[in-house]
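Here's a walk through a two-chain model, taken one topic at a time. Have a look at the sequence and structure first, then read on.

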Amino acid sequence: MNVVSKEERLEIEELLPWHATGTLSRRDAERVSQALAGDSELARSYELVREELAETIHLNETLGAPSARVMEKLFAAIDAEEARAPRRRHALDLTRRISDFLSQFTPRTLAWSAAVGAFAILAQAAIIAGVMLREDGSPAGPKLANATSHGSFAVVRFVPQATADEITKFLGAYKATLVEGPLKSSAGLYRLRLAESQLPPTEADRIIRQMQEKESRIVGFIAPASE
Amino acid sequence: MQSTSDEVLIGRIANGDRLAMQVLYARHHVRVFRFVVRLVRDESTAEDLISEVFLEVWRQAGRFEGRSAVSTWMLAIARFKALSALRRRPDEEFNDESAAAVEDDADDPETALEKKDKSTLIRECLAGLSAQHREIVDLVYYHDKSVEEVAAIVGIPESTVKTRMFYARKRLAELLKAAGIERGWP
């Protein structure tokens with residue numbers, strides 16, 4: 001029984017390879033399934049697709065793998081690059097950390113588009129925190145510790161639904177900066193600088209409480225942290 | 001235990017994490033190698049190229065935007081490297097089919113069919129497709145890439161992906177017919 005029109009059959013026919021590998025959208029997959037159920041000619045064609053699929057996999061699986069020489073060559077090239085330009089990597093390290101941080105809070109596509117806008121603000125925070133390279137070009141590790149050792153701090157975990165934009169606005173509203181994270185001791189926790197000067201404990205507690213109560217849409221957890 | 005995602009590995013690689021690079025390499029090098037070797041038809045060249053592909057991944061990890069899967073991004077890099085290598089070879093054209101599609105030059109299709117089983121002949125004909133057709137067949141059937149992902153790797157519209165795959169299959173049917181296998185399609 002063939003109930004599919006000629007035009008539709010051609011359209012479905014083109015989708016059969018992806019139907020066989022399960023990479024169609026749900027809507028298209030359902031459409032193809034319905035057409036296959038009602039059209040014996042298409043069903044026969046689908047069997048040929050499955051045959052091609054099996055043989056293509058078989059063919060590729062017999063191609064073997066590259067020798068160990070490739071990996072040796074690759075890492076020798078990486079070593080050579082690192083020896084030539086270590087500074088670039090450290091600079092990249094900072095931007096990557098910020099991007100990684102941002103991408104945790106939103107669906108991937110939203111995170112990456114939002115990251116572009118938020119990057120400038122967070123990069124500024126990073127500069128304030130003093131994590132950029134020293135003028136002499138040496139790595140910034142010690143300077144990071146110095147830069148983050150003064151002020152009042154908290155540890156914070158943002159809710160997974162918070163977008164990069166919301167977090168950026170939140171940081172701006174409280175004039176707070178992210179100085180470290182995610183912390184090794186606990187996934188998802190970040191070190192937040194509330195103020196560059198040492199606040200009285202009651203004032204720091206007030207700000208933290210305010211963040212917890214008024215920003216619950218963004219802040220999942222927050223607690224005071226020592227210097 | 002959930003394994004670390006490719007996206008997380010790329011983030012670490014951008015940080016200069018060599019261990020993450022090793023994990024990513026271990027995870028993908030065989031498939032990338034097979035994709036390249038199918039295009040350039042030379043294992044030694046393919047080995048050189050995948051070393052270049054992963055070096056490019058190391059260099060560009062900080063610029064990876066996450067618009068596509070990491071494997072899709074790597075296959076796009078691999079394709080670019082493979083096509084560049086093919087362009088340096090005057091005797092190899094991207095659209096040319098292999099003369100060795102069905103290797104028994106002396107045998108007529110019937111004799112060839114008797115000598116080899118159907119599966120072997122299908123694989124020989126798959127190998128005999130042009131590089132352009134080989135790559136799309138491999139991306140869809142072996143690398144499980146969706147229409148959108150193939151479009152991103154090859155750099156063509158999605159509608160062209162569908163028609164190119166259709167014509168690759170049609171060409172395969174013609175090669176099979178010449179080898180003595182009449183599939184009744186298209």
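What percentage of the 186 residues of chain B count as buried? The figure is 42%, where buried means that 20 or more other C-beta atoms, placed from the backbone, lie within 10 Å of the residue's own.

## Ground rules

This is a predicted model, where local features need pLDDT of at least 70, side-chain atom pairs count only at pLDDT 80 or more, and totals for chains, interfaces and linings use all residues. Residues are numbered from 1 along each chain as its sequence is written, while chains are lettered from A and ligands numbered from 1 in the order in which they are written.

## How confident is it?

The model scores ipTM 0.89 and pTM 0.63. On pLDDT (the predictor's confidence in each residue, from 0 to 100), chain B averages 88, with 84% of the residues scoring at least 70. Inside chain B, helix α8 (residues 147-154) has the highest confidence at 97, and helix α5 (residues 109-115) the lowest, at a mean of 64.

Chain A has a mean pLDDT of 74, and 65% of its residues reach 70 or more. Its residues 108-148 stay under 50, and the model has 64 contacts beyond four places in sequence for that stretch. A contact here means two C-beta atoms, placed from the backbone, within 7 Å.

## Chain B and the cores

Chain B has nine helices and zero strands, both taken as DSSP runs numbered from the N terminus (H or I, at least four residues, for helices; E, at least two, for strands). Among its contacts between residues at least 6 apart in sequence, 64% join residues at least 24 apart.

The largest nonpolar core has 68 residues, and those with the most contacts inside it include Ile13(B), Val32(B), Ile50(B) and Met74(B). Such a core is a set of buried Ala, Val, Leu, Ile, Met, Phe, Trp, Tyr and Cys residues joined through C-beta atoms within 7 Å. Helix α2 (residues 18-40) of chain B gives the most to this core, with 11 residues. A second, separate core of 16 residues includes Ala154(A), Val155(A), Leu194(A) and Val219(A).

## Where the chains meet

The contact takes 36 residues from chain A and 43 residues from chain B. On the side of chain A, α3(A) gives the most, with 11 residues. That side divides into 16 nonpolar, eight polar and 12 charged residues; Ala, Val, Leu, Ile, Met, Phe, Trp, Tyr, Cys and Pro count as nonpolar, Asp, Glu, Lys and Arg as charged, and the others, Gly among them, as polar.

The axes of α1(A) and α9(B) come within 9 Å and cross at roughly 85°. Axes are lines fitted to C-alpha atoms, for helices over the stretch in contact, with angles from 0 to 180 degrees between N-to-C directions. These two helices are therefore roughly perpendicular, a label for 65 to 115 degrees. Glu13(A), Glu14(A) and Pro17(A) meet Lys162(B), Thr163(B), Met165(B) and Phe166(B) here.

For α3(A) and α7(B), the axes come within 9 Å and cross at roughly 100°, so this pair is roughly perpendicular as well. Residues in this contact include Leu53(A) and Ile57(A) from α3(A), and Val137(B) and Tyr141(B) from α7(B). By class, the contact has five nonpolar, two polar and two charged residues.

Terms used
A residue is buried if 20 or more other C-beta atoms lie within 10 Å of its own, exposed if 12 or fewer, and partly exposed in between; C-beta atoms are placed from the backbone. Angles under 35 degrees count as roughly parallel, over 145 as roughly antiparallel, 65 to 115 as roughly perpendicular and the rest as oblique.
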